[in-house]
Amino acid sequence: MVTAAVAEAERRGDDHVGTDHLLAGLCATSDPSISPVGIGIEELRTIWLGLDRAALEATGIPIDPPTGMPRSRTGHIPFTSGAKETLTATLRETLELGSRKLEPEHILIALTLRSPRDPAIRLLDAAGLNPDAIRAEVIRSLRKTA
Amino acid sequence: MELDQVITTAESPDPADGLRAAQVLRRVAEQIEARHVAAARLAGWSWQEIGDALGVSRQAAHKKHGKNIV
């Protein structure tokens, strides 16, 4: 799933792996019909590009954002501080919930706990999804299977 | 729109938009660079000439693009 997040950064030509890429990694590796996020990767990509386009427009540069071309720099793509924090929080959530295994759902819980300015939260907002509702749903489903 | 107008506009809206736009524009610049370095190599430009045009050393230009472009 983290591999999918890195792949998403490469695909978009981004020079970093952020919390939004972690969210995309989750969407890319889970079935939207059963995932609490409920949207597939293609839909998320469209919403994401919409955010990019709106940001360019708001700053007076009405061009189409690049839709993804391999980046020229190959090799390691660094994680943002937020993405690292999220992965640390994932471990904490896993322990707190008493889960035996670290599942993608735990990353999702950690993502929903980010601040309103976080890129992943912005992306969820743009998709019309409520982070608190998602977290409640994930915790419920984890309790059921535990 | 004039550039200083763009930059001022970039300061006035939600910072989330301004910051995101800056990030997207870096992606745009990277892609323009990659495309045109490839075109320059095809047109017979040396890595030295490309580096000079990009304002970086020959080694830096080659290190960044040499893996994807001959």
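Q: What should I know about the numbering and the model?
A: Residues are numbered from 1 along each chain as its sequence is written, while chains are lettered from A and ligands numbered from 1 in the order in which they are written. The model is predicted, and local features need pLDDT of at least 70, side-chain atom pairs count only at pLDDT 80 or more, and totals for chains, interfaces and linings use all residues.

Q: How many helices and strands are there in chain A?
A: Helices (H or I, at least four residues) and strands (E, at least two) are DSSP runs, numbered from the N terminus. Chain A has seven helices and zero strands, so its pattern along the sequence reads α-α-α-α-α-α-α.

Q: What does the radius of gyration say about chain A?
A: The radius is taken over C-alpha atoms, and the globule rule is 2.2 Å times the number of residues to the power 0.38. For 146 residues, a compact globule would come out near 15 Å, and chain A has 15 Å, which agrees. Along the principal axes, the C-alpha atoms of chain A fill a box of roughly 50 × 35 × 25 Å.

Q: What share of the residues is buried in chain A, and what share in chain B?
A: You count neighbours: a residue is buried if 20 or more other C-beta atoms lie within 10 Å of its own, exposed if 12 or fewer, and partly exposed in between, with C-beta atoms placed from the backbone. In chain A, 38% of the 146 residues are buried. In chain B, 17% of the 70 residues are.

Q: At what angle do α1(A) and α2(A) cross?
A: Axes are lines fitted to C-alpha atoms, for helices over the stretch in contact, and angles run from 0 to 180 degrees between N-to-C directions. Under 35 degrees counts as roughly parallel, over 145 as roughly antiparallel, 65 to 115 as roughly perpendicular, and the rest as oblique. Here α1 (residues 2–12) and α2 (residues 19–29) of chain A have axes that come within 7 Å and cross at roughly 115°. That makes α1(A) roughly perpendicular to α2(A).

Q: Which residues of α1(A) and α2(A) meet?
A: From α1(A) they include Val2(A), Ala5(A) and Ala9(A), and from α2(A) they include Leu22(A), Gly25(A) and Ala28(A). For classes, Ala, Val, Leu, Ile, Met, Phe, Trp, Tyr, Cys and Pro count as nonpolar, Asp, Glu, Lys and Arg as charged, and the others, Gly among them, as polar. The contact of α1(A) with α2(A) divides into seven nonpolar, three polar and one charged.

Q: How does α6(A) cross α3(A), and how does it cross α2(A)?
A: The axes of α3(A) and α6(A) (residues 119–126) come within 10 Å and cross at roughly 105°, and these two helices are therefore roughly perpendicular to each other. Their contact is made by Ile47(A), Trp48(A), Gly50(A) and Leu51(A) of α3(A) with Arg122(A), Leu123(A) and Ala126(A) of α6(A). The axes of α2(A) and α6(A) come within 6 Å and cross at roughly 55°, which makes α2(A) oblique to α6(A). In that pair, Thr19(A), Asp20(A), Leu22(A) and Leu23(A) meet Pro119(A), Ala120(A) and Leu123(A).

Q: Why does Leu44(A) count as buried?
A: Leu44(A) has 23 other C-beta atoms within 10 Å, so it is buried. This residue is found in helix α3 (residues 41–58) of chain A. Leaving out residues up to four places away in sequence, Leu44(A) touches Ala24(A), Cys27(A), Ile39(A) and Ala127(A).

Q: Which residues is Ala55(A) in contact with?
A: Leaving aside neighbours within four places in sequence, Ala55(A) is in contact with Asp17(B), Arg20(B), Ala21(B) and Val24(B). Ala55(A) also sits in helix α3 of chain A and counts as buried, with 24 C-beta neighbours inside 10 Å.

Terms used: Two residues are in contact if their C-beta atoms, placed from the backbone, lie within 7 Å.
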